[in-house]
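Here is a short briefing for a reader new to this structure. Take a look at the chain, then read on by topic.

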Amino acid sequence: MVESKGLVGFEFENWSQTYSCSPELFFLPRNVEELREIVLSAKANRKKVRIVGCGHSPSDLMCTNDYMVSLRYFNNVLKIDENRCLVKVEAGITLTELNCHLRNHNLALSILGSISEVTIGGAICTATHGSGIKFNVLSNYVQELELITSSGDCIKCSRSEKIDLFLSSLCGLGAIGIIINVTMKCEPSFLLYQSIYPSTLDEVLTELNDHIQSSDHFRFLWFPHTDYTSVWHTSRIYNKAITKPNKFESIYNWIIDYAIGYYSLEFCYWVSTFFPQLVPFINRLFFHILYNRNRERVDVSDNVFTFECLFRQYVNEWSIPRRYINASNIHAHFPVEVRFVKADDIYLSPAYGRDSCYINVIMYRPYGKHVDKDEYWNNYEQIMRECGGRPHWAKAHTVTAVDFVKMYPYFRAWALVRKRIDPLNMFGNAYLDRVFETFPPD
Ligand SMILES: Cc1cc2nc3c(=O)[nH]c(=O)nc-3n(C[C@H](O)[C@H](O)[C@H](O)COP(=O)(O)OP(=O)(O)OC[C@H]3O[C@@H](n4cnc5c(N)ncnc54)[C@H](O)[C@@H]3O)c2cc1C
């Protein structure tokens with residue numbers, strides 16, 4: 001019995017240590033048969049099942065007190081077609097592992113989020129995105145996927161087969177079924193040239209359209225309480241070699257990026273938990289130390305796409321105008337990260353039907369300490385709603401179905417697919433219950 005292999009007493013905590021749960025049983029299946037047995041056992045015992053990837057979602061999206069299942073052993077590459085730039089992988093593979101396999105076959109993903117320590121299943125279920133107005137959320141590069149449903153059936157879907165199910169599963173929040181493998185569209189491996197330079201918010205906003213169009217993966221970081229921004233232009237390059245810093249530059253970069261940019265910053269923000277009025281000063285100081293210079297590099301794509309996200313943090317991602325922060329008692333940590341994503345047709349993708357601008361706000365938790373963020377988050381979400389915003393599904397938000405039906409033309413369609421494929425609500429959890437509590441009648 002697979003049930004007997006489920007671990008008792010497993011305590012789960014997400015990466016930022018902001019959410020936790022105590023699943024009754026924690027499973028690490030090694031193959032599809034074992035996975036199916038878990039589903040059937042859950043069905044017989046009326047238990048909920050939740051898949052956990054790397055646990056990087058800054059919310060309780062992956063939490064359950066029933067059966068938690070990790071697909072850590074589902075991390076194989078099943079098929080690579082170099083000519084058609086396609087790779088079929090098991091859903092528990094991390095992007096770090098996948099990038100490595102792809103490099104060996106001269107392929108690469110067209111886009112990545114800020115970190116690669118996430119599973120492809122988790123990234124797809126939450127429509128993880130990077131930046132680049134001509135590039136979609138990661139889910140949109142999926143050509144086909146296979147799911148285990150709550151009845152234990154294995155179903156394949158794509159744009160040409162069960163398209164409803166496919167478009168629901170691509171940002172399925174773990175609620176449609178267990179994704180066991182996906183086929184991703186890649187591109188021939190490529191180098192990226194990145195140029196980072198300091199600017200002002202006024203300049204970036206005035207020239208925003210030019211910035212967005214003038215490189216493949218434009219983004220900028222704004223330092224709250226200041227007018228400073230750090231502008232990041234990143235594009236494919238075919239006539240330059242990888243830049244390798246010499247020994248002196250490597251040591252210098254380590255001192256700036258880690259000794260100061262990580263350890264000193266964490267200490268300073270910790271001090272500011274006692275004296276919040278220091279935050280504007282800290283933001284200004286660290287901008288000058290870390291970002292007030294030009295930096296250039298050429299490297300393989302996955303090295304350039306990812307970004308040092310520093311220490312544990314609370315995160316929220318919609319969009320917010322600068323004037324609000326300046327006019328309040330909120331002391332906001334840096335950066336506010338602004339990115340751009342091409343429109344898609346995935347039912348629950350925040351970029352559904354419109355080219356989108358994502359604005360990510362952050363409050364660090366120095367040494368794991370709680371930092372008050374509620375006023376910042378509440379006001380921020382209110383403004384985001386007024387701007388027609390949609391929250392990132394992986395991140396903590398307070399939006400429920402009564403608003404989601406207005407935000408997403410296909411929210412009801414998604415809910416219907418979910419009901420049809422999971423009539424017992426086996427893949428539900430507290431996060432989804434909160435969202436559906438207010439589901440309005442037709
Ligand atoms: C430091 C940091 C940086 C980040 N940067 C970005 C970024 O740049 N862009 C962005 O968009 N997001 C970003 N995120 C959010 C992150 O990409 C998502 O939270 C992603 O879902 C994490 O993947 P995971 O493997 O940890 O999944 P988890 O957090 O473990 O799970 C996420 C959801 O996916 C479901 N799930 C996972 N695997 C499966 C499966 N095989 N079948 C069915 N359901 C499944 C889970 O049940 C859960 O609902 C960042 C998060 C952190 C902490």
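An open sheet of three strands runs in the order 3-5-4, with parallel pairing. Helices (H or I, at least four residues) and strands (E, at least two) are DSSP runs, numbered from the N terminus. Two strands pair if DSSP finds at least two bridges between them. This is a predicted model: local features need pLDDT of at least 70, side-chain atom pairs count only at pLDDT 80 or more, and totals for chains, interfaces and linings use all residues. Residues are numbered from 1 along each chain as its sequence is written.

- Strand 3 (25–27) and strand 4 (49–52) are the edge strands, and each pairs on one side only.
- On average, neighbouring strands of this sheet are turned by 25° against each other, direction ignored. Axes here are lines fitted to C-alpha atoms, for helices over the stretch in contact, and angles run from 0 to 180 degrees between N-to-C directions.
- Three bridges link strand 3 to strand 5 (residues 67–70) in the parallel sense.
- Phe27 stands opposite Val69 of strand 5.

**Around the ligand**
- The ligand has 33 residues around it, and Gly53, Gly113, Gly121, Gly122 and Gly174 come nearest. A residue is near a molecule or strand if its C-beta atom, placed from the backbone, lies within 6 Å of it.
- Strand 4, helix 3 (120–125) and strand 11 (178–185) are the elements that give two or more residues to this shell.
- Helix 3 gives the most, with four residues.
- Domain 1 (2–70) and domain 2 (77–188) each supply at least three residues to the shell. These bounds come from an automatic or database domain assignment.

**The annotated span**
- An unreviewed UniProt entry annotates residues 19–189 as "domain: FAD-binding PCMH-type". Such annotations may be inferred rather than shown by experiment; positions follow the numbering used here, and feature names are shortened.
- The end C-alpha atoms of residues 19–189 lie 37 Å apart, and the span is 21% helix and 27% strand.

**Strands 18 and 19**
- Strand 18 (residues 336–341) and strand 19 run antiparallel, joined by five bridges.
- Glu337 has Asn360 in strand 19 as its bridge partner.
- Seven of the nine residues in strand 19 (residues 356–364) are buried. Buried means 20 or more other C-beta atoms within 10 Å of a residue's own, exposed means 12 or fewer, and partly exposed lies in between; C-beta atoms are placed from the backbone.

**Gly177**
- Gly177 sits in the loop between helix 4 (163–169) and strand 11.
- Gly177 counts as buried because it has 29 C-beta neighbours inside 10 Å.
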